[in-house]
Amino acid sequence: MSFFSKKYSNLKPYTPGEQPQDKKYIKLNTNENPFGLSIKVRREIMKNAKKFQLYPDPEAKKLRRVISSLYAIPIECIMLSNGSDEVLNFLFQGFCDNGAVFADITYGFYPVYASLHKVEYRTIPLDSDFRIKKEDYFNAKSTIFIANPNAPTGLTLSLKDIRDVLDNNKDSLVVIDEAYVDFGAESAVRLIKEYDNLVVVQTFSKSRSLAGLRLGMVFASRDIISQLNTLRYSVNPYNVNYAALAAGYAIIRSNSHTLEQCQKIINIREWTVKELEKLGFYVTDSRANFIFARSDKIAGEELYLKLKDRGILIRHFNTPRIEDFNRISIGDSYNMKRFVEAVKDILREYK
Ligand SMILES: *Cc1c(COP(=O)(O)O)cnc(C)c1O
């Protein structure tokens, strides 16, 4: 006897990257920030603890105000979410009456949300270099979801390309998921003022070291933000908790610290790419806080398992077209050196 609704009996949920608790791993598998929060931000969270018995501000005015001035976007065009996943869920739930389109290789949550909300979707293959061809998205007649940089390839579209997609979809909504934008892509946030068919989603999880507190933000026209709020107030008006609001506020106010940390991660990424290329790997031109790499000497899954044996976790996807690859999150320099040493060591057996 099952009490579970039949409408969900075939739902395949998202598989998050492992968060193993059995031993200490070097975690290069879920794109978390290796550097963590500054002391200042941690203090701000602690200072707010005395107010945790109160509900947080459902409008999150204080945090939205500082985001508004940092991004030069009106406060009415900004909403906050419990991680950016929550707002992606709302977008599939409430803005896809004509279906959805996204790349065949992209963020694995898109097809899950589509199935959850019975949204018909079609996937568009990346080209043979794993790039998005913008023309494939012209006149889509459905809501478009593009991760920029894309995951797990790290490849980007230029702002000009995004403009072209927007100009050629006047009647369709275009959602740009900028989870990794701070690591070297061009943000489309400022286009919000020009295009009322654009939604830009960002997260505090990667560039802002806040994956554990769940904070995302979305930029769109006043109308779309108001419709998103209709959904949000129908589920959980207190979707962003007090600690996340306090941390977010302190993080936005110390944006130069975020930018410095991102630059460090970019430098370590470039170093790691060079090292892997010396070992004969093919590595995509990633502008994210991870790299995507394949070797002719060892299968993707095998390398993943051998590294796991040595206490280093990376991400392998058992997905057609990319089984040979692994996605490696950028950690601090010490851990990336240990990663490269371990790869060298493993490859010795595969001459
Ligand atoms: C990590 C990620 C997200 C979601 O991050 P949250 O932690 O829910 O904010 C969204 N899109 C992409 C492409 C991601 O990689």
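**View 1. Two charges sit over aromatic rings.** Lys-62 lies over the face of Tyr-249, 4.3 Å from the ring centre. Likewise, the charged end of Arg-327 is placed over the ring of Phe-290, at 5.7 Å from its centre. A charge sits over a ring if NZ of Lys or CZ of Arg is within 6 Å of the ring centre and within 35 degrees of the ring normal. Please keep in mind that this is a predicted model, where local features need pLDDT of at least 70 and side-chain atom pairs count only at pLDDT 80 or more, while totals for chains, interfaces and linings use all residues. Residues are numbered from 1 along each chain as its sequence is written, and side-chain values use heavy atoms, leaving out hydrogens and water.

**View 2. Tyr-14 and Phe-109 form a stacked pair.** For Tyr-14 and Phe-109, the ring centres are 4.4 Å apart and the planes lie at 10 degrees, so the pair is stacked (planes under 30 degrees apart). Tyr-14 belongs to the segment before β1 (26-27) and Phe-109 to helix α4, so the pair ties together parts 95 residues apart in sequence.

**View 3. Helix α4 (residues 109-116) has five buried residues: Phe-109, Tyr-110, Val-112, Tyr-113 and Ala-114.** Buried means under 20% relative accessible area (1.4 Å probe, protein chains only). Their cover includes α3 (83-94) and β5 (143-147). After α4 comes Lys-118, with a positive phi near 55 degrees. Helices are DSSP runs (H or I, at least four residues) and strands likewise (E, at least two), numbered from the N terminus.

Conventions: Buried means under 20% relative accessible area, exposed over 50%, partly exposed in between (1.4 Å probe, protein chains only). Contact means heavy atoms within 4.5 Å. Rings of Phe, Tyr and Trp (its six-membered ring) pair if their centres lie within 6.5 Å; planes under 30 degrees apart count as stacked, over 60 as edge-to-face and the rest as tilted.
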